[in-house]
Amino acid sequence: MSNAVSALQGAEAHGFAIVKEAGLVGMVTLKTDLGAAATKKAVKSAIGLDMPEARRMTGEGLGKGVAWMAPDEVLILCDHAEAYHVVAELSKALAKSHHLAVNVSDARAVFTIEAPDVREVLGKLTPADLGSLQPGEMRRSRLAQVAGAFWLKDNGHATVICFRSVAQYVFDLLKTASKEGGEPGYY
Amino acid sequence: MSHRLETHGRLIDRASTVKFTFNGKWLRGHLGDTLASALLANDRMLVGRSFKYHRPRGIVASGGEEPNALVNLGKGDRHEPNQRVTTTELFHDLRATSQNHWPSLEFDVGAINASLSRFLPAGFYYKTFMFPRAFWKHVFEPVIRQSAGLGSAPHPETRDPDRYEHFYAHVDMVVAGGGIAGLISALAAGRAGKRVLLVEQNAHWGGRAPVDGDVIDGKPAGEWVKDAVEQLEKMENVTLRLRTQLSGVYDHGYALAYERISDHLGEEGAPRHRLWRIRAGQIISATGAIERPLSFPGNDKPGVMLASAVRDYIVNYGVTPGDRIVVVTNNDDGYRTALAAHEAGVGVACVVDPRPEVTGALPEQVRALGVPIHAGSAISKVKGLKRVVSVRVQPYAEDDGSYEEISCDAVAMSGGWSPVVHLWSHCGGKLNWDEAQACFSPDPDRPPTNQNGEGFVTCVGAAAGGLRGDVAAASVAARLSALGIDAPAIPVDTPDEAPLAPVWVMPVYAGAKKRSKMWLDFQNDVKVSDVMLAAQEGYESVEHTKRYTTLGMATDQGKLSNINGLAVLAEALDKGIPQVGTTTFRPPYTPISMGAIAGEARGEIFQPLRRTPIHAWHEEQGAYMEPVGHWRRPYCFPQGSESHEDAVKREINATRNSLGLLDASTLGKIIVKGPDAPKFMDMLYTNMMSSLKPGKCRYGLMCNENGFLMDDGVVVRLDEDTFLCHTTSGGADHVHAHMEDWLQCEWWDWQVYTANVTEQWAQIAVVGPNARKLLEKLGGMDVSKDALAFMEMAEGKLGGFDARVFRISFSGELSYEIAVPASQGRAFWDALHEAGAEWNATPYGTEALHVMRAEKGFIMIGDETDGTVIPQDLGLNWAISKKKEDFLGKRGQERTYLASEDRWQLVGLESLDGSVLPDGSYCVARGFNANGQTNVQGRVTSTYYSPTLERGIAMGLVHKGPERMGETVEFNTVDGGRVQAKIVSPVFFDPEGEKQNV
C-alpha cells in the first residue's frame with residue numbers, strides 16, 4: 001500500500017549508539033494453546049518457523065520471526081504487506097481451535113539500536129536484567145514510562161518494539177540515552 | 001590562622017593552580033582540593049551562619065557529615081544552594097557564596113537572634129505561634145517564610161541546563177564504601193565469581209586508613225589500597241565507581257546509588273548525575289564510622305573541628321586549620337590528630353582528656369613528644385568570636401575553682417565514633433547499644449529481611465561496630481563467610497587503645513548558662529539546654545523530642561548530633577541510652593539532586609505524549625490541543641485570529657450544515673474473541689450483546705461491580721465469536737485491564753481472548769448531510785441507506801484504502817466512522833479533505849464534538865458520570881437488560897441506596913435568559929444544612945453554548961428531575977448570584993433522530 005507510512009518514517013539519531021526507526025514491520029498477535037500440534041503446524045505453515053521456547057524467539061527477527069510473549073501468546077514478525085495473509089492463514093488453519101489472530105503491525109513502532117554495547121543505552125530505560133538477557137530472548141518490559149519489548153541479536157544490536165502512539169517519546173528516550181558522554185561504562 | 005603546609009597533601013597536585021571565587025573574591029587552590037580544604041588554605045575559617053541564631057560557622061568535618069559549611073554553588077541556571085564544601089571537589093572557575101546572612105557574612109543582622117536566644121527556646125514555634133489565632137496568616141507565617149531556609153532557592157523559572165539519567169543494574173552484591181572493609185569484601189566476592197558493584201562516595205579509595213596510618217597485610221594502607229584497586233579493576237565481574245554514594249536501601253534488595261559524574265569537572269558534555277537503580281542479592285554496608293563532637297561550651301565556634309577532620313586536612317590536603325591546636329578527646333584515637341599535627345610541624349598546645357588516667361599507646365607517643373596532656377580535664381569555655389582565640393581548661397568531674405587559659409587557634413575534638421548504620425537501618429535492621437565503645441552497632445542477628453525472611457544487608461568493618469582497624473578487617477571475613485564467601489583474614493597492625501570515657505557533657509558540673517552554649521546540632525542551633533528543656537516539659541520519646549527541638553532535622557539529618565542528643569535526653573530522663581533509642585534512619589544518606597531523581601523525565605520526555613497518525617497535521621494547522629489521558633487531541637482549529645469560541649461555532653455549523661471531519665483515532669478498540677465471547681460480553685455490558693447480529697453495532701454501557709457506570713461505547717459484532725468493543729479515549733487501557741482481570745481471576749475457564757487494537761486503526765468520523773456524498777465520491781463501497789443502514793458496519797476498499805465503515809453517530813447527523821490501518825491514516829485524512837473540499841469539509845475538535853453530543857442529549861463518561869452515577873440516574877434504563885441473569889454491576893445496582901427513586905437524575909436545563917449555566921453549578925434548594933451551607937438538589941454536568949439553537953444548553957443531575965419537567969429551578973453562580981433554569985428533556989436537537997437516519 002503506497003499510502004502506508006510508519007510512525008516516524010525512518011528517523012535516526014546518532015550518539016554513542018545509532019538509533020533508527022525500522023519503518024513498516026509486519027506483526028501478528030496469535031493467542032491460542034501454544035503447545036497444541038495444530039498450533040505448531042499452523043505457525044509453521046504460515047511463516048515457516050517453529051514455535052519458540054518460553055521467552056525465546058525463532059527466525060531472524062524483523063521480517064521473519066516468532067517470538068514468545070506469554071504462555072498463550074506469540075508475536076509473529078513478517079513483511080508488512082504479508083500480515084493480512086498470515087492472519088488469514090492462521091485463522092483458517094486454526095478455525096477449529098480457540099484462537100485469536102490479529103494484525104497489529106500498525107499498532108506498533110520498531111527501532112533498531114547499534115552500539116558497542118546496546119545494554120548501555122537500554123539499561124537507562126528498562127528495569128529488566130540485561131546482564132542475564134540472552135541473544136534472541138524476547139523481553140517484555142517497560143522503557144521509562146511506557147510499555148516496551150526488545151531483544152538483542154548480540155550485545156551490539158537490539159530491536160525495540162513500542163506502541164505507535166508513543167513512537168516519538170520512545171525515539172526521544174533512546175536518543176537522550178545514547179547521547180555522547182553518557183556511556184555508563186558498566187557493560 | 002589556617003593555611004597550606006609546605007609538606008603533606010597526598011591528594012593534591014601542588015603543581016596545579018585552580019582559581020575559584022568565594023563571595024566574589026578570587027582565591028587559589030590545587031587540583032585534588034575540596035572546596036573545604038581550599039577555603040582553609042586561604043584562611044577562610046568563617047564560611048556561613050547557623051539557621052536560628054545566625055552564629056558564625058566554620059568547617060567542622062571533612063566529609064558528608066558536615067553540618068555547617070554549606071554554600072550556594074554556581075550561578076544563574078546552575079545555582080544550587082546548600083552544597084557541602086567538604087564534598088565539593090574544586091574545579092576551575094567554581095563560584096561559591098555563603099548563606100543565611102544579611103547584609104554580609106562578616107556582619108549579619110540576624111545574629112541579633114543569638115542575643116534573644118532565651119526567648120527562642122526549644123518548642124519556640126509551638127509556644128509562640130499559637131495565639132492569637134488570626135496572627136498566623138498575617139504575621140507569623142510571612143515572618144517565618146521570610147526567615148526560613150538556608151541557601152537561596154533558584155528562581156522559579158530557572159531551567160536546569162544539565163542532563164541527568166537513571167541506570168538499572170542487577171548484581172549479586174553491591175558494596176557501599178570503598179574503604180579497607182569494602183575493598184576486602186569486593187575482592188572476596190569478585191574472586192568468588194559474584195557480579196559485584198563497589199561504590200565509594202568520595203573521589204578516592206581507601207577511606208580513613210591511609211590517614212590513620214594503619215599497616216595492612218604488612219604494607220602501608222595507601223599501598224595496599226592501590227594494589228587492591230588494581231586487582232579489582234582486572235576482574236570483569238566487578239564494577240568500581242568513585243563519587244557514587246549508595247544513598248538508600250529499600251525492600252527486596254533494591255538500592256539507589258547517586259553518582260556525581262561531572263560535578264568536579266565544571267564542564268558540560270557528560271550527564272551531571274546518574275541515579276543507579278540497583279537490584280542486589282546482598283548489600284554490603286562498609287560505610288565506616290563518623291566521629292562525634294564533644295559538648296563543651298563554645299564548641300560551635302569556627303576553628304573547633306572534629307579531630308579526624310583536622311588530620312584529614314593535614315594529611316590529605318596539606319592544610320592546617322591553625323598553628324597551635326588544642327586536642328580534646330575522650331578516647332585514644334583523638335591522639336592520632338596530635339601526632340599527625342606534630343609530624344606536620346603544626347604546634348599542639350595540649351591534649352585535654354576527661355579520663356582520669358591516660359596510658360594508652362597513642363597517648364604515650366604524644367606524651368613522649370613533650371605535648372602536655374591534661375587528664376581528668378575538660379574545656380569549659382572557648383574564647384573568640386569568629387574564630388578560636390583560646391580555651392579554658394578546668395577539671396572535668398568536679399569544680400575546684402582552678403582553671404587554665406590556653407591560647408590556641410584551633411580545637412580538635414573527638415567524642416568517640418559512631419558506626420554509620422544508615423544503610424543497615426533503612427529497611428529495619430536493628431541496633432544494639434555497645435557499652436564499651438559508647439555507640440549503636442548493627443545486631444547481626446536482626447538484619448533487614450527480604451521476601452524469603454533472610455537478611456539482605458550485611459555490615460562489615462567499622463560500620464559493623466569494629467572501630468579499630470584490626471577488628472574492622474577481621475569482621476569482613478567473619479561476616480562474608482556467613483554469606484558463603486571466603487574472605488581471607490587480613491592482618492592489620494594498629495596500636496592498642498584504652499577504653500573511652502562516655503562523655504556527653506563537659507564539664508560535668510556545667511550549669512544552665514554553660515549548657516546553653518553547648519551545641520548539639522550546629523546547623524539548626526539545638527543545644528544541650530534545649531534537649532534538657534524538652535525533657536523537663538515532658539518529652540520522653542526521642543522522635544517527639546527531635547521534632548520539638550528540631551534536633552537532627554537539618555540538611556545533615558543529625559549525623560553529628562543524634563547520638564549526643566539522645567544521650568543528653570537519656571541523662572535528663574534518667575534512662576539508659578538504649579531505652580531512649582534512636583530516631584529513624586531514612587534514605588537518602590545525604591541529599592541527592594532533584595535532577596537525579598527525575599532522570600531523563602524532563603522537557604519533551606517529561607511524560608509520554610500519545611500521538612494519533614494525524615497528530616502532525618493538527619499541529620501544522622495550529623490546532624489548540626487539549627490533553628485526553630496521555631493523548632493530545634485538537635480542541636478546536638482556530639483560523640487566523642479567530643477565538644476558540646468562534647472556531648467551535650464555525651466547526652459545528654459547518655458540520656451540521658454540510659460536512660465535518662473528526663480524528664477519532666484515540667477511541668479505544670478492543671477485540672474480544674472466542675466461543676465464550678458472547679457470554680463474556682453479556683457479563684461486561686449491562687445490555688444484551690449476545691443477541692447482536694454479525695455486522696451490526698450496538699451502544700453499550702459497562703459498569704464496575706459496584707454498579708457505577710464506568711465506560712460506554714459502540715460494540716460491533718464482527719463475526720459469530722468476535723466482537724469489537726469501542727471504549728472512551730481515556731478508558732481503553734483500563735477497560736482492557738478490567739476485561740483481563742475478570743478473565744484471568746474469575747472466569748479463567750472461559751474460552752475468550754482479548755486484544756487491544758486501539759492503535760492499529762486510525763478512525764475518522766465523516767459527519768454531516770454531505771457525508772455520504774463524500775464517501776460515494778471516494779468510491780469502492782456501497783454506503784447507501786439500504787446497503788449500510790444506521791448501526792451497521794461494512795468492510796471493504798474505500799477510495800483505495802482498507803476500510804471498516806461503521807454507520808454510527810455521536811452528533812445526531814448522518815455519520816460514518818471509518819477505520820483504516822494506522823499507517824494509512826494520514827493519507828486517508830488527506831484524501832477526505834481533498835475530495836471533501838467541494839462540501840467545505842471542516843475538521844472539528846473535541847469541543848465541537850462535545851457540544852453536538854450535548855445538543856443530542858448523549859452522555860459523556862467523566863461529565864455525566866463521576867464514579868458515583870449509575871446508568872439509571874442517566875435515564876439509560878433502556879440499556880440495562882431485564883432478561884439477563886447477571887452482569888457486572890447488577891447486584892450493586894440493587895442496593896437500596898442505588899435502587900431508590902430518591903436520586904438525582906439526568907435532565908436537560910434551559911436557562912430562562914438563554915445564558916450558559918456555569919459549569920459545575922449547584923441547583924439550590926431551600927434552607928441550610930447542619931454546616932450552615934445552602935442545601936442543594938442537583939448540579940450541572942455539561943453546559944455549552946449551542947450554535948445550533950443559539951442559546952445556552954445544559955445537562956444536569958436534579959433530584960427526581962425527570963418527574964419535574966417544566967419546573968423552574970435555581971442554579972448558583974461563582975459570584976454568589978442565581979440563574980433560573982427550566983427543567984427540560986436532555987435531547988435539545990432533532991429528538992426524532994431524523995437527521996442521522998437518512
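**Entry 1. Chain B overall**

Among contacts in chain B between residues at least 6 apart in sequence, what percentage join residues at least 24 apart? I looked this up first, in what is a predicted model. The share is 65%.

I then took the overall figures for chain B. Its C-alpha atoms fill a box of roughly 115 × 65 × 55 Å along the principal axes. I found 27 helices and 52 strands in chain B. Of its 998 residues, 55% are buried.

**Entry 2. Domains**

I checked how chain B is divided. Domain 1 takes in 164-289 + 418-493, and domain 2 takes in 615-666 + 760-852. Domain 3 runs over 668-758, and domain 4 over 900-984. I also looked up the distance between the centres of domain 3 and domain 4 of chain B, taken over C-alpha atoms. They are separated by 35 Å.

**Entry 3. Helix α22 of chain B**

Next I turned to α22(B), residues 732-746.

Which residues of α22(B) are buried? I noted B:Ala732, B:Val735, B:His736, B:Met739 and B:Leu743. They sit on the same side of α22(B), because they cover an arc of only 100 degrees around the axis. The face turned away from that buried side carries exposed residues: B:Ala737, B:Asp741, B:Gln744, B:Cys745 and B:Glu746.

I then asked what the buried residues of α22(B) pack against. The partners are β37, α21 (677-684), β38 (697-703), β39 (709-719), β40 (722-727) and β41 of chain B.

**Entry 4. A hairpin in chain B**

I looked at β34(B), residues 624-628, and β35(B), residues 631-636. These strands pair in the antiparallel sense over five bridges. They form a hairpin with two residues between them. B:Gly629 lies in the turn and has a positive phi of about 60 degrees. B:Val628 stands opposite B:Trp631 of β35(B).

**Entry 5. Where chain B touches chain A**

Last, I went to the interface. I found 40 residues of chain B in contact with 38 residues of chain A. On the chain B side, the elements giving two or more residues are β9 (164-176), β16 (273-285), β37 (668-673), β41 (753-756) and α24 (822-836). Which element gives the most? β9(B) does, with six residues. By class, this side of chain B has 18 nonpolar, 11 polar and 11 charged residues.

How values were computed: Residues are numbered from 1 along each chain as its sequence is written. Chains are lettered from A and ligands numbered from 1 in the order in which they are written. This is a predicted model: local features need pLDDT of at least 70, side-chain atom pairs count only at pLDDT 80 or more; totals for chains, interfaces and linings use all residues. Two residues are in contact if their C-beta atoms, placed from the backbone, lie within 7 Å. Helices (H or I, at least four residues) and strands (E, at least two) are DSSP runs, numbered from the N terminus. Ala, Val, Leu, Ile, Met, Phe, Trp, Tyr, Cys and Pro count as nonpolar, Asp, Glu, Lys and Arg as charged, and the others, Gly among them, as polar. Two strands pair if DSSP finds at least two bridges between them. Domain bounds come from an automatic or database domain assignment. The expected span of a helix is 1.5 Å times one less than its number of residues. A residue is buried if 20 or more other C-beta atoms lie within 10 Å of its own, exposed if 12 or fewer, and partly exposed in between; C-beta atoms are placed from the backbone. The arc is that of the directions from the helix axis to the C-beta atoms.
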